Amino acid sequence: MCGPGGWVSRQGVHPQCKFSETSAAAAVEAAAAAAAARRQRLDSRRADGVESLRSRELESKPLKMADDLDFETGDAGASATFPMQCSALRKNGFVVLKGRPCKIVEMSTSKTGKHGHAKVHLVGIDIFTGKKYEDICPSTHNMDVPNIKRNDFQLIGIQDGYLSLLQDSGEVREDLRLPEGDLGKEIEQKYDCGEEILITVLSAMTEEAAVAIKAMAK
Amino acid sequence: MAAALGPPEVIAQLENAAKVLMQTLACSILTALLSEFSSSSKTSNIGLSMEFHGNCKRVFQEEDLRQIFVLTVEVLQEFSRRENLSAQMSSVFQRYLALANQVLSWNFLPPNLGRHYIAMFESSQNVLLKPTECWRETLLDSRVMELFFTVHRKIREDSDMAQDSLQCLAQLASLHGPIFPDEGSQVDYLAHFIEGLLNTINGIEIEDSEAVGISSIISNLITVFPRNVLTAIPNELFSSFVNCLTHLTCSFGRSAALEEVLDKDDMVYMEAYDKLLESWLTLVQDDKHFHKGFFTQHAVQVFNSYIQCHLAAPDGTRNLTANGVASREEEEISELQEDDRDQFSDQLASVGMLGRIAAEHCIPLLTSLLEERVTRLHGQLQRHQQQLLASPGSSTIDNKMLDDLYEDIHWLILVTGYLLADDTQGETPLIPPGIMEYSIKHSSEVDINTTLQILGSPGEKASSIPGYNRTDSVIRLLSAVLRVSEVESRAIRADLTHLLSPQMGKDIVWFLKRWAKTYLLVNEKLYDQISLPFSTAFGADTEGSQWIIGYLLQKVISNLSVWSSEQDLANDTVQLLVTLVERRERANLVIQCENWWNLAKQFASRSPPLNFLSSPVQRTLMKALVLGGFAHMDTETKQQYWTEVLQPLQQRFLRVINQENFQQMCQQEEVKQEITATLEALCGIAEATQIDNVAILFNFLMDFLTNCIGLMEVYKNTPETVNLIIEVFVEVAHKQICYLGESKAMNLYEACLTLLQVYSKNNLGRQRIDVTAEEEQYQDLLLIMELLTNLLSKEFIDFSDTDEVFRGHEPGQAANRPVSAADVVLYGVNLILPLMSQDLLKFPTLCNQYYKLITFICEIFPEKIPQLPEDLFKSLMYSLELGMTMSSEVCQLCLEALTPLAEQCAKAQETDSPLFLATRHFLKLVFDMLVLQKHNTEMTTAAGEAFYTLVCLHQAEYSELVETLLSSQQDPVIYQRLADAFNKLTASSTPPTLDRKQKVAFLKSLEEFMANVGGLLCVK
C-alpha cells in the first residue's frame, strides 16, 4: 500500500529554497530557459508513462538522502496512508476505498437488529477521477487514510496539454496535465490573458492533479 | 331485467332510479357548494376580493350551511330506517354521510372577523366544532347525535363509510363554544354523548377500521370538555366511561404490538393507542377534580398491559403473533431510525405518569422484572464464556436468548427512566411528587443501612442481601439498573464485549444521566418534604453520593474506552459526564476521584483509546474536563489540575508550530492530526464557557487564536483545516463575546479582523473544483458569516460589566480603540458579498445565515451602509429585494433591515444619495406587499414598522401611490371605503415623523386598516 515517497516528497526535499518575491521575475526567466531543455527529456518520459515516474524518483534520491539527516524534515519514512478506526473517520475527510484515495461524501452507520453492533457505510469519491466508491465495514475496523497534500505552484506555461509549473526550488516541472473541464479552460484563458496565477496541486498515493487556481498575490 | 316485471313495478323502479339519481345529483351540488365556500384555497378564482369571499362564507354558514345540514340529517334518517340497502342506495347513503362530515368539520368564522380574519379563514386542519349560537337548536337536538350513533352501528362493517360516521361523531364530541347556553346544557350533552358512545362500543368486537375513529372521539371528549363538566355527569356513567377507556387502551396496545410483529404499513392500532395514552395524560394531569386514588386501578391495568406487550414470553407477549407463534427477524436498522426513547417518548411519558399514580404497584413490579433479568443475563453471559473457553473460535452461538433479554431490559429501563424522572430542558429537574410521597410514606418501614447496602453492592444479587425486603423501593429500582450496568461492566472485563448490546449500554447511561440530574445531590430546599432514604443515600455530604459519583465515573471511563466505535453510546456517555460536572456541587465530588484525574491525563496525552472517539464526542469530553476544573479546589490543586488538563494542550501545540521546519512538515499526517486535535479541543474549551470561568478561558484561548491565524497561512490549501480554524473563532465568539468587556472584546475583534484578512488574501481570485459540489464546499463562507453574526450579537446580548469578570486579571486599557466591531464586520461583509451569488442562496442554511447577517448589519451599523463601494451597495440592496420574495423568515429579516436604513436616510437628509433612492423603491415594494398581496399576519409588525419609516421619508411618493391606487378603483363604494381607510391610517400621525409615539399609533391604525380593507384589494 505504502508507495515510495518520491513524487509526493518533492516539496519537502527543498526546504531551503524559499521562493522570494524579488527574485521572482529572474527566476521565471531562468526557469523558462531551462524549461526548453527539460521538455525534451520529459517528452521521452511521457512516452513510457509509468516509467517516467520511476526515473524521476531516482533523480531526486541524492537530495533526499542529504536531507534525511534532519529526522523531522520531509517525508522520510512517511507512508502514503495510515490506519484509522472507522468510527473516527469523518464526512469530508479522506479514506482509501478499493485502493483509491477518496473524499468521504457520505458516511452513515447501521446495525443488524436493534442490539447489533454498528457498521459504517462509506461513500467516497476518487479525488482524481471523480469515480464513486462504496464500502461497508464494522465500526471497530481500521481503514487506510491517504496522506493528502496540497501545494501551490506558479504557472509559467502550457504546452501540449501539460502545465509548466515553477517550484519553490526554482525547478520547473512539466509533467502535470492541464485538467479537463471548466478549471482547465479557466487556466488556459487566464494564461492566455497573461494573468499570473498559482495552481494548487493535490497529491495523494503517488498521484497528482491540479485542483484549483488563484491569482498571485501582488 | 325490466321485461320480467309488470308495468307498475317498472314505473316504481324507474321512479326509484330517478330518485336515486336526483339525490346523487343534489348531493354532488351541495358538496361542491360547501367546498367553494369552505376556505380561500378551495374557492374558485373569480377575481373578487378576499373580503368578499369572507363575507360570503359567513352568510353561507349562518343560513345555507345549516339548511344543508338539516337536509342531510333528514336523508340520513331515511336511510338509517331502511333495511337491506341496494348497492346503489348505499353509495348515495355514503355520499350524504361524507357531506354531513364536511358540514361538521366546517371551520366556523366568528361573527366579528377581527384582525386575524384571513388566517382564520385559512386554517382547515383538525378543526374542532365551534358553531355560532344560531346552530343551537340544530345540534343540541339529541336526535341528531343519536342518529349518528345509529348510522354508525348500521354501517360499521363498511370500512369506508365507518370512517365518515366516526369522523362525524368525533366532530360532535368536540362541540364547544357559544352553542351551549350554560354549563348544565354542556353536562347534559356530554352525558348523553357518553351514553351513546358506550352503547355503541360496549359488547362489540371493534373492527380495525374503527380503532382510530373511536380513539379520536374519546380524545376529543377529554380534551374539549372541562374537568368540572366531566365530573358533573352521573358518577356511574363516568366510571363506566373510564372503565371503557381502560379496556380500549389495553386492547389497542395489544393490537398495536401485533401490528409491529406483522410489520404492517398502516399502523392503525398504534395510532389509536397513541391517542388514548395521550388522553390519559390529559385526564390525570389535572387530578384535583378526582378523589385520590380514583385512577390507581386503571393506571395499574394500562401500565401492566404496556409492560406485558414489551416483554418476551413467558412474562409478556412481545413478538408473538395472534396464534402465539414467536416471530423474530434481524432487520437492518439505519442511523436515521430514531431511538425508541425518542420515537415512543409520548407513549413512555404517559406510561411513566400512570406508573407514578400507581407507584405502589409499578415500582416493585419494575424492580422484580429487572432484577430477575439481570440474574438471567449474568447466567447467560457466563454460559457463553464457558462455551468460548471450551471451544474457542466456535462462532455458532445462538444469540436469541441474549437478544430477548436485551430487548426486555431495554424497555424496562426506558419505562423506569420515564417513571422516575422528567425530561427537563432548561428547568431545574425535580423529583416527581408521586415518587417522593411514595418513598416518604414507606420510610418508616425501611431499614436505611440495608438500603445503602443494596445500593452499594451492584455486583451482588439483591435478594442475597439479608433484609432486602425492608429497603426503599425507589432506591432499589435504581440499584436494579446499576446491577444491569455492573453485569455489562463485568462482561467487558471478561472480553465478552462482542456479545453485549450497544443499545442496552446506551439505555443504561441515558437512564443514569436522567436519574443523576434529578436525584443526585438533591437540593432539599426545593421540596416541602424530603424522603429520608433519598437524603441519606443521595444527599449532599453523604457517603452514598460520593460512592455513586465514583461508580458513574468508572462507568463513563470504561464506556469511552470500550465503545469508542459506537458513536451514539459514546455520546450518551459523555453527556452523562457533563451532567456530573455541570453543577458545582456534583463537580466538587467528581474531582475528588482519582479516576477523574486519570481521565484528564489520558485525554491530554491523545493516546488510544480516547483518541478513537469521534470528534463531537472528543469536544464534549474536553468541555466536561474544563467544567470540572471550576469545582471547588485549593489553589495548589487547581494549579495542578490546569497543569494536567490545559497546559499539555498548549505545550504540544507550541512544540509543533514552533519547529523550525514546521512549514515543510505541516502536511505530514501526524502533524495535521496533532493540529486537528488541538483545534477540536479548543472548540470544546470554548463550549465550556460560563460566566464565572470566562476570564480564565478567554485568556487561555486568546493565546491560541493568535497562533491559529498563523496556521491559516500555513494551511491555506487545506480547506478542512482552514474550516476548523474558523470554527474555533466562531465558537469563541459565540460562547464568550457576550461576557467580554470593552478591552477584551477589542482583542477578539482584532484577532477576527486579522483572520479575515488572511482568509481574504488566500482566497482572492480563488476558484476550485471539488468532487463534492455541494453545500459543504461553502462551509468556509457559512462559518465566516456565522462568525460575523456572533460578533454582532454582542450588540443585543451583553452581560459584560466593563470587564467586571476580568477585574484583578489585568488593568483596563481600553482608552484608544484600534478596532471596532463595525470594522471587523464590514471588512467581513466586503469579503462575503462578492462571493455570494443567487445560486448560493438556494442552499437554505447559507441563505438564512446570509440574511441574518445583513439584517444585523443594517440594524447595528446603518450609517456604514451608504459608505459601501457602489457595487457592494447595489448587491446588498438587490439581496434585500430578492429576500422579500423568499420564505417568510427571510422576508421578515429583510423588512426588519429596511427600518434602520430608512431612519439612517432621514438622519442624513441627503435626497440624492443611492440609499435614498433605494428606499423609495422599497416603499413601493412594501406598499404592494401590505395592500395588494395576501397578507401573512406574522409579518404585520415588521412590515408596518418598515412601511411607516419609509412613508416618513417619502411622503410625496406615498401620497402618489395612494392616489394611483384609488384612481384605479371603479366601484365608488370601494373607492370611498379605501379613501376613508387611508385617511384614518395616517390621521394619528400627520405629518408623519420618526417619533416613537406616532409610530406606535400608526402600527395600531395599520392593524385596523388591515382588518378593515386588508381583504378588499387582495383578489382571488
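How many residues does helix α41 of chain B have, and how far does the helix reach from its first C-alpha to its last? Before I answer, a bit of housekeeping. This is a predicted model, where local features need pLDDT of at least 70, side-chain atom pairs count only at pLDDT 80 or more, and totals for chains, interfaces and linings use all residues. Residues are numbered from 1 along each chain as its sequence is written, chains are lettered from A and ligands numbered from 1 in the order in which they are written, and side-chain values use heavy atoms, with hydrogens and water left out.

Okay, α41: residues 914–931, so 18 residues, reaching 26 Å, close to the 26 Å expected at 1.5 Å a residue. That expected span is 1.5 Å times one less than the number of residues. Helices here are DSSP runs of H or I, at least four residues, numbered from the N terminus.

Buried means under 20% relative accessible area, with a 1.4 Å probe and protein chains only. In α41, the buried residues include B:Phe916, B:Phe922 and B:Asp928. The buried ones pack against α39, α40, α42, α43, α44 and α45 of chain B.

Next, α38, residues 844–860 of chain B: its 17 residues should span 24 Å, and the end C-alpha atoms are 24 Å apart, which agrees. Twelve of the 17 are buried, so α38 is largely enclosed by the rest of the structure. Its cover includes α36, α37, α39 and α40.

Last one: B:Arg483 sits in helix α21 of chain B. B:Arg483 is buried, at 4% relative accessible area. Beyond its neighbours within four places in sequence, B:Arg483 is in contact (heavy atoms within 4.5 Å) with residues including B:Val374 and B:Glu460.

Note on methods: Helices (H or I, at least four residues) and strands (E, at least two) are DSSP runs, numbered from the N terminus. Buried means under 20% relative accessible area, exposed over 50%, partly exposed in between (1.4 Å probe, protein chains only).
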